[in-house]
Amino acid sequence: VLDLYVRPGIAVYDHARNGRSTKSFYDEGLWAPVEAALCPGDLLLMQFGHNDEKSEDPTRYAAPDQFAANLLAYAHAAQAKGALPVLITPLVRRRFDAVRLLAAREDLPLIDLSAASAKLVQEMGEPASRELYMVFAPNLYPNYPDGKEDNTHLRYLGAVRFTGLVAAGLQALGGPYADVLLGTPERDKYDGKGYEG
């Protein structure tokens, strides 16, 4: 339905195929006609991701570095033709988290740390958000002479920032949940990021 949003006279061609990854789209020859048809000034909107994650299917799976390389190859090919590539992140999936479902079903309070932490990391961007996780260069810490690239586990700063999000969630719940937090006036200064002053 993209043509509902573009000016009259703009042609929209949809080359998407269900279940294809950046890898299978190329391997099956689906990219060739797209590349051949590109003209200077064309927009090439590229959205992949969900199928590239499917490690159980070697015909579709693209490891993160290969996924990025595949997208870059498409983008460079488009640029070589004078077209304008645009990367689009995957649409959020309608997989309702079991914790959210349980909270709703049982009328239990919920702190959506997943959403809050995703927002924080996005706002911080790269490379600032690396400082939250166990991601660092060699020789920074004696226990990790080779450095580390762990985007799951946290460094102290990450633990502090994400715990701050939990505290903000407790504050938002109010009542007895907020009562466990530092008392006023300290709590009133709390912004979920740290304390002022």
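Guide: Val1, Leu2, Leu4, Tyr5, Ile10, Val12, Leu43, Leu45, Leu84, Val86 and Ile88 form a nonpolar patch on the surface, with about 1100 Å² of accessible area together. A patch here takes residues with over 30% relative accessible area and no salt bridge, and nonpolar side chains are joined within 5 Å; a salt bridge is a side-chain nitrogen of Lys or Arg within 4 Å of a carboxyl oxygen of Asp or Glu, and areas come from the Shrake-Rupley method with a 1.4 Å probe. The model is predicted, so that local features need pLDDT of at least 70 and side-chain atom pairs pLDDT 80 or more, while totals for chains, interfaces and linings use all residues. Residues are numbered from 1 along each chain as its sequence is written, and side-chain values use heavy atoms, with hydrogens and water left out.

Strand 1 and strand 2 (84-88) each supply at least two residues of the patch, and the largest share, three residues, comes from strand 2; strands are DSSP runs of E, at least two residues, and helices runs of H or I, at least four, numbered from the N terminus. Leucine 45, a patch member, is found in strand 1 and counts as partly exposed at 42% relative accessibility, that is, between the limits of under 20% for buried and over 50% for exposed.

The largest pocket holds about 1300 Å³ of space. Of its 36 lining residues, the closest to its centre are Tyr13, Asp14, His15, Ala16 and Leu45. A pocket is an open set of points on a 1 Å grid where a 1.4 Å probe fits, with protein on both sides within 12 Å along at least five of seven lines, and lining residues have an atom within 4 Å of a point. Strand 1 gives the most to this lining, with five residues.

Conventions:
Points joined across faces, edges and corners; volume = space filled by probe spheres on them. Patch = residues over 30% accessible without salt bridge, like charges linked within 9 Å, V, L, I, M, F, W, Y side chains within 5 Å. Buried < 20%, exposed > 50% of the residue type's maximum accessible area, 1.4 Å probe, protein only.
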